[in-house]
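These are my notebook entries on one structure. I set down what I looked up, entry by entry.

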Amino acid sequence: MDKTIENCWEFMKYGREPGGSRADEFGVCPAATDASFNEINAGRNGGRICWAVAGTFCDNQVQGTFKHFRSGRRAAQNP
């Protein structure tokens, strides 16, 4: 079976990629344009490592800084 690896904006369908249906309303997601993460985990830009990109859309809200986001994830994973 050939599985296509999707970037986060393709999988989540938030519409915040450049030209996306919600990009004008909510802005373009930084994961979709941050080339410093390109090809990590076989993704385009930050599309397969979006959890590490500040300003991404998760849990129906824009996330904060990387430090804040990362510490929140760690706390949630280690109760």
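I looked up Cys8 and found it buried, at a relative accessible area of 13%; buried means under 20% relative accessible area, exposed over 50%, and partly exposed in between (1.4 Å probe, protein chains only). I note that this is a predicted model, in which local features need pLDDT of at least 70, side-chain atom pairs count only at pLDDT 80 or more, and totals for chains, interfaces and linings use all residues. Residues are numbered from 1 along each chain as its sequence is written, and side-chain values use heavy atoms, with hydrogens and water left out.

**Cysteines.** I searched the whole structure for disulfides (pairs of cysteine sulfur atoms within 2.5 Å) and found zero. For Cys8, the nearest cysteine sulfur belongs to Cys50, 3.6 Å away. Cys29 is in no disulfide either; its nearest cysteine sulfur, that of Cys8, is 5.5 Å away. Cys29 counts as buried, at 8% relative accessibility.

**Core.** Which residues form the largest nonpolar core? I recorded nine: Cys8, Trp9, Cys29, Ala31, Ala32, Phe37, Ile49, Ala52 and Val53. Such a core is a set of buried Ala, Val, Leu, Ile, Met, Phe, Trp, Tyr and Cys residues joined through side-chain atoms within 4.5 Å. Helix H1 (8-12) and helix H3 (30-33) are the elements that give two or more residues to this core. Helices (H or I, at least four residues) and strands (E, at least two) are DSSP runs, numbered from the N terminus. In soluble globular proteins, nonpolar side chains tend to be buried together.

**Asn45.** I placed Asn45 in the loop between H3 and strand E1 (57-58). Is Asn45 buried or exposed? Asn45 is buried, with a relative accessible area of 15%. Leaving out residues up to four places away in sequence, its contacts (heavy atoms within 4.5 Å) include Ala31, Ala32 and Phe37. A polar atom of the Asn45 side chain lies 2.8 Å from the backbone oxygen of Ala32. Beyond neighbours within four places in sequence, Ala32 also contacts residues including Trp9, Glu17 and Pro18.

**Salt bridge.** I counted one salt bridge, defined as a side-chain nitrogen of Lys or Arg within 4 Å of a carboxyl oxygen of Asp or Glu. The side chains of Arg44 and Glu10 form this pair, at 3.7 Å from N to O. Because Arg44 lies in the loop between H3 and E1 and Glu10 in helix H1, the pair ties together parts 34 residues apart in sequence. Arg44 is partly exposed at 44% relative accessibility, and Glu10 is partly exposed at 27%.

Terms used. A polar contact is a pair of N or O atoms within 3.5 Å; within protein, one must be able to donate a hydrogen and the other to accept it, and residues adjacent in sequence count only if both atoms are side-chain atoms.
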